[in-house]
Amino acid sequence: MLKVIIRGLPADNDIKELINEIQLHGFNPDHVSVLHNRHNNTNMPLFLVVPRKSHETQEIYNIPNIGYFRVKIMALKKKIACAML
C-alpha cells in the first residue's frame with residue numbers, strides 16, 4: 001500500500017478540496033487526513049494520502065501544484081522505535 005505525504009499546504013486546508021484537486025490530477029485517493037502534533041494536539045501542515053492502486057500511482061510524485069500552492073509529495077517514512085525494556 002502506497003502512502004504519501006503532501007507538504008506545502010496550510011494546516012487548515014479543507015480535506016474535500018484536497019480530494020477534488022487530487023482527482024483533477026487523475027488519482028482517486030482511498031484516504032486523506034491531516035497529521036496532528038502529539039505534544040500540543042494541533043494540526044501540522046502535512047497531509048497523508050493513500051491513493052488507490054493502479055499502474056499510474058507512482059506518477060503522484062510528479063504533481064507540482066495543488067490549488068495555488070507549490071507542494072512537495074514524498075513517501076511516508078515509518079518511524080522505527082526501540083521496544084521499551
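Here is the tour, from the whole chain down to single residue pairs. Keep in mind that this is a predicted model, where local features need pLDDT of at least 70 and side-chain atom pairs count only at pLDDT 80 or more, while totals for chains, interfaces and linings use all residues. Residues are numbered from 1 along each chain as its sequence is written, and side-chain values use heavy atoms, with hydrogens and water left out.

Start with everything selected: you have one helix and six strands, laid out along the sequence as β-α-β-β-β-β-β. Both element types are DSSP runs numbered from the N terminus: helices are H or I with at least four residues, strands E with at least two.

Next, pick out the open antiparallel sheet, ordered β2-β3-β1-β6. Strands count as paired if DSSP finds at least two bridges between them. Select 29-36 and 72-75: these are β2 and β6, the edge strands, each with a single partner, so one side of each has no neighbour in the sheet.

Now go to β1, residues 4-7, which pairs with β6 in the antiparallel sense over four bridges. Show Ile 5 and you'll find Met 74 of β6 opposite.

Hop over to β2 and β3, antiparallel and joined by six bridges. Val 32 has Val 49 in β3 as its bridge partner. The two strands make a hairpin with six residues between them, and Asn 41 in the turn has a positive phi of about 55 degrees.

Last stop: color by charge. The mean positions of the 11 positive charges (Lys and Arg) and 7 negative ones (Asp and Glu; His and chain ends not counted) are 13 Å apart, placing each charge at NZ of Lys, CZ of Arg, CG of Asp or CD of Glu.
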